[in-house]
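Visitor: Please walk me through this model, with the cut-offs behind each term as we go.

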Amino acid sequence: MRPIDWLTQVLEVVAALVVAPLFQGWVNQCRAWLQNRRAPPLWQVYRGIRKLFHKDAVIATNASPLFRVAPYVVFATMLAAAAVIPSMGTRLPFSPAADAIALVGLFATARMFLALAAMDVGTPFGTLGARREMMVGFLAEPALLMVIFVAALTSSTTALPSIAERLATGPITLSPSLAFIGVAFTMVLLAENGRLPIDNPATHLELTMIHEAMLLEYSARHLALMEFASALKLMNYACIGFALFIPWGTATGVTGPFALAAAIPALAAKLVVAGAALALIETASAKLRVFRAPEFLAAAFLFAVLGMLVHLLLGA
Amino acid sequence: MAHTPFVMQLLDSLAALLLLLSFAMLAQRRVATLVELFALQGGVLCAATLLLAWRTGDGNLLLSAALTLSLKVLALPWLLRRMIRRLGVYWDTDPLLNIPGTMLVGVLIVVFSFGLAQPVSALASTATRSAIGIAVAVILLAFLTMITRRKAMSQVIGFLSMENGLFFGAMSATYGMPMVVELGVALDVLVAMLVLGVFFFQIREQFDSLDLDRLESHQGGR
């Protein structure tokens, strides 16, 4: 490993930490514009997190140690995932630690801790949120895995950096299977991050919330970490999407400092476009009833399976 | 994969789109949307035929593209839309199997038909031979649409979509059937559509519904 690779690695993690709240702020801003509201400033998410860090934490008397540990575990998992995903360069010292399938496992670990912590205190809302989260999760995970399998089949490796590198350096082809799994991945991204057709991130309405219901018992620094972690998760998913479908612009192969310098504005441009697209999707769609969520995710799974079948048959 | 020319990539994408539209038809509950999906499927089929005609320089394929356009994109959907308006059937009742279940069966059917088409594709010499499996899948999925629906209207649309799959299969296996056969099939479908239209009105008059379950309990010959 050359020093530039370590520099890429450090830069990527720092960028994830700095940019994730900004990315969420950007999505919120776009949504506000599309809904004819006055937009909150871009750094509103930062402000919220800073405010929470300065408050005193209140914890229920019957909370177990798990409840205190969970925010740190969830945050650390998301940060570890950010270190593995090739958002700027493909030669990362950390990336051999986890391939794409292990990455899905990392997300599952975070989800498990989140759900357990939500049930820990024993309030009905937490339990309700945890159950719904697990329902969405167990339907979204196979779809996500199927998406990764198709991408792995096209590049004959499950390592995310190699997939990105293969796609970025190969000729540009019109691939129906990639289009199918692209749609499937977008649907999974919406479901996993509690975005609109499945869960409304802005609501605190009792009957509809999923993610927010699980965080109700948290306050102060724990809540700040949880919110930071969910911003990181959105950013991670976006970066996985970039690596699988539009890896152009990331520094591939044996890179010099110039490729790395060029990768930063490329990533920023992709995030700006992706955030606007996400806001557009969210504004255009209405929230589904919770019991319709399986149909939504079954459709995502179907898209991914079709992508795989089309890949096997047409070889494209 | 990297060396296939762009036209073939486009054709493959159209084939994949055809498969996707079949699944969309399988999932759709609204009869009016089903007709639009059918028209769209015809449009994709027409585009694929045109592309193939351009690539192979086959004049017959141009003719059959024109046939597809006039019959499946314009005439039949127009007839169907008119029929829906006059019969007032906008929704199908719940299908026999729930939607995710039907989708799962559909995926199994696709796997089956890909396996079925493998030896045929191996023997075919056309550039589009890999799409034969998709054609078989489209036929069987349309068949599944017919099986899982109750209303006569959606069953007929399933039948028409099956013909689309047949047409695509012939196109990808042998660059189209002989013109006489194609014209004959097209005419058959058109006439069948007209006759079925008359049937619809008769069925509704007899049973006050287009739900074909009622036919089963009807013994006739009173």
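Guide: Buried means under 20% relative accessible area, exposed over 50%, and partly exposed in between, with a 1.4 Å probe and protein chains only. This is a predicted model, in which local features need pLDDT of at least 70, side-chain atom pairs count only at pLDDT 80 or more, and totals for chains, interfaces and linings use all residues. Residues are numbered from 1 along each chain as its sequence is written, chains are lettered from A and ligands numbered from 1 in the order in which they are written, and side-chain values use heavy atoms, leaving out hydrogens and water.

Visitor: Is C239(A) buried or exposed?

Guide: The relative accessible area of C239(A) is 4%. Because buried means under 20%, C239(A) counts as buried.

Visitor: How many disulfides does a search of the whole structure find?

Guide: A disulfide is a pair of cysteine sulfur atoms within 2.5 Å. For C30(A), which is in no disulfide, the nearest cysteine sulfur is that of C239(A), 17 Å away. Over all chains, the number of disulfides found is 0.

Visitor: Which pattern does chain B follow along the sequence?

Guide: Helices (H or I, at least four residues) and strands (E, at least two) are DSSP runs, numbered from the N terminus. Chain B has 8 helices and 0 strands, and its pattern, read along the sequence, is α-α-α-α-α-α-α-α.

Visitor: What share of the contacts in chain B with a separation of 6 or more comes from residues 24 or more positions apart?

Guide: Contact means heavy atoms within 4.5 Å. Among contacts in chain B with a separation of 6 or more, residues 24 or more positions apart account for 78%.
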